[in-house]
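Trainee: I would like a close look at a single part of this protein. Please take me through the sheet and what goes with it.

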Amino acid sequence: SVFQDEHIASKKVARRIADIITSKQEKGENAVLGLATGATPVEVYYELARLHKEEGLSFKNVITFNLDEYYPMNPGAKQSYVRFMDEQLFNHIDIPRENIHIPDGTLKKEEIANYCLEYEKKITEVGGLDLQILGIGRTGHIGFNEPGSAPNSGTRLVTLDDLTRRDASRDFGGKENVPTKAITMGIGTIFKAKEIILMAWSKKKAPIIRKAVEGEISSNVPATFLQLSDNVEFILDEDAASEL
Ligand code: GLP
């Protein structure tokens, strides 16, 4: 769906998330959400925090799994996704701390493979993701699944694309400071979600949205794999949709 602007679109996504949370609450069940970082979902999180504060939306039954984290990354660092999520969402809602999962950027190299398997297992154990929200990188990455990622890939350590590191350089004060690696849920992990929403705003994303939606399905543009799923919705503003 295409919306006039990102504000309207973000409210719509927040509303969908709130609906999932409340319908699960009515059944006495947990809502399991896959969350994303980057600039794109910021207003969704702002709106969720507002719904908590002003409309009493509770997150007590919510379990979250974030898509990715840079590696290595200290959770206290300014660029960490742990810090991002705290500042943008978790500090403003009543989610139990133990319900929050974000890939750990402080692991020793030899611990990563096992940790990633456990991450997958935890998602499965709580019943799988009810909803995964996604942004998209200019390389066509979802999470940090860069070109070359396999459609059945799981949570793992990956190498970041040069363009991704360039796009992140502002946050890190120079590309040379951007980590070369990240831990990310795989395409396969994302695909298992019962519902997927990919959001993109602005002209900057228009070329990659065109490729993702209309391009040939290929691991050269990992987001094209979403064409294979019936449970995906692209939520775009007019600028991001302008080349479709
Ligand atoms: C980041 C994140 C992705 C995100 C993408 C786009 O590197 N790992 O999950 O979707 O890049 O970022 P932005 O929303 O800031 O454009």
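Which residues does the UniProt annotation "domain: Glucosamine/galactosamine-6-phosphate isomerase" cover?

Mentor: According to the unreviewed UniProt entry, that domain covers residues 8-227. UniProt positions are given in the numbering used here, feature names are shortened, and annotations may be inferred rather than shown by experiment. Residues are numbered from 1 along each chain as its sequence is written. This is a predicted model, where local features need pLDDT of at least 70, side-chain atom pairs count only at pLDDT 80 or more, and totals for chains, interfaces and linings use all residues. pLDDT is the predictor's confidence in each residue, from 0 to 100. The chain has a mean pLDDT of 98, and 100% of its residues reach 70 or more.

Start with the span 8-227. Its end C-alpha atoms lie 24 Å apart.

Two strands pair if DSSP finds at least two bridges between them. Strands of a sheet pair through backbone hydrogen bonds, either parallel or antiparallel.

Zoom in on one pair. Strand β6 (residues 131-134) and strand β9 (residues 196-200) run parallel, joined by three bridges. Here leucine 134 stands opposite leucine 198 in β9.

Note on methods: Helix = DSSP H or I, 4+ residues; strand = E, 2+ residues; numbered from the N terminus.
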